[in-house]
Amino acid sequence: MITASRDLELSLAKRWGVVAGMDEVGRGALAGPVAVGVALIGADAPPVPEGLTDSKALTARRRESLVKPIQAWVLASFVGYASPQEIDQWGIIAALRLAGRRALAEVASHGLVPGGVLLDGSHDWLSAPVDLFGTLDGPDDPFGVDLPVHMQVKADLTCAVVAAASVLAKVSRDRLMSEVEDPGYGWASNKGYGSAAHARAIAHLGVSDFHRRSWKMPTNPTK
């Protein structure tokens, strides 16, 4: 297993001071919110929690065990959400932006504003979209600050602060999906993703208010 390192975030911290690592969870699910984790770190942080890596490479038990060490390691952290209704209204990219900026607004409310964001992937979904006529329509920005964004493919695997955000977002969303009222879709096990059992339940029960109604739902579930 690859253990995440601090090399990239330390280089960014020389320019930004405090670096915010961010990662999303739930983008491809059929039901439930999308979650975005943010973790803030400076150059003088203590050693990285042992075994910290991409949340997808860890067992559920290992992710849970890392939550407290991560929270003790970072300066601040939070997980922001955008609801299924917001995903339907604005689309998944705008919903990711909304969730991420809600997370940033929460840490800023405690007096911590990072100098920039280290974001997993190759597409900057956090910054406000613009065209020739200015900023495009979308939900109101709860953060209201434009930050520089550095994109890094597989940052959730190789960059410690992004791996921390990934673990916190995954644990938080999984808990939510396990605790929400469920009439029979199996959300505690499938976490809202399109499993065969979930597809069969949709065929039997129909689509709920917790589903993303604008998304294409399975119509021919496996028996």
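Predicted model: local features only at pLDDT ≥ 70, side-chain atom pairs only at ≥ 80, totals over all residues.
In which loop is Lys191 found? Lys191 sits in the loop between helix H7 (187-190) and helix H8 (196-205). Most residues other than glycine have a negative phi. Is Lys191 buried or exposed? Lys191 has a relative accessible area of 15%, and so it counts as buried, under the 20% cut-off.

Lys154 also has a positive phi, near 65°, and is likewise a residue other than glycine. Lys154 belongs to the loop between E7 and helix H5 (155-158). Here the relative accessible area is 53%. Exposed means over 50%, so Lys154 is exposed.

Now follow E7 back into the sheet. Strand E7 (residues 149-152) runs parallel to E4, and four bridges join the two. Val149 in E7 stands opposite Val117. Strand E1 (residues 19-25) also pairs with E4 in the parallel sense, again over four bridges. On that pairing, Ala20 stands opposite Val117 in E4.

How many residues of strand E4 are buried? Five of the five residues in E4 (residues 116-120) are buried. In a regular strand the side chains alternate between the two faces of the sheet. Both faces of E4 are covered. Gly116, Leu118 and Asp120 lie on one side, Val117 and Leu119 on the other, and all are buried.

Leu118 leads on to the packing. The largest nonpolar core has 28 residues. Those with the most contacts inside it are Val19, Leu52, Ile70, Trp73, Leu118 and Val167. Helix H1 (7-16), strand E2 (34-41), helix H2 (60-73) and helix H6 (160-179) are the elements that give two or more residues to this core. H6 gives the most, with nine residues.

Leaving aside neighbours within four places in sequence, Leu52 is in contact with Thr3, Ala4, Leu66, Ile70, Trp73, Ala160, Ala163, Ala164 and Val167. A second, separate core has 22 residues, including Met22, Val107, Trp125 and Phe143.

The last stop is a set of annotated residues. Which residues does UniProt give as "binding site"? The unreviewed UniProt entry places that feature at Asp23, Glu24 and Asp120. These residues are spread over 98 residues of sequence, yet they cluster in space, with a largest C-alpha distance of 8.4 Å. The lining of the largest pocket includes Asp23, Glu24 and Asp120.

Asp23 lies in strand E1. Its relative accessibility is 5%, which means that Asp23 counts as buried. Not counting residues up to four places away in sequence, Asp23 touches Ala35, Val36, Gly37, Asp120, Asp156, Val162, Ala165, Ser166 and Ala169.

Key: Residues numbered from 1 in each chain as written. Heavy atoms only, no water. Buried < 20%, exposed > 50% of the residue type's maximum accessible area, 1.4 Å probe, protein only. Pairing = 2+ DSSP bridges. Core = buried A, V, L, I, M, F, W, Y, C linked by side-chain atoms within 4.5 Å. Contact = heavy atoms within 4.5 Å. UniProt positions renumbered as here; feature names shortened; annotations may be inferred. 1 Å grid on protein atoms, 1.4 Å probe; cavity = no way out; pocket = protein on both sides within 12 Å on 5 of 7 lines; lining within 4 Å.
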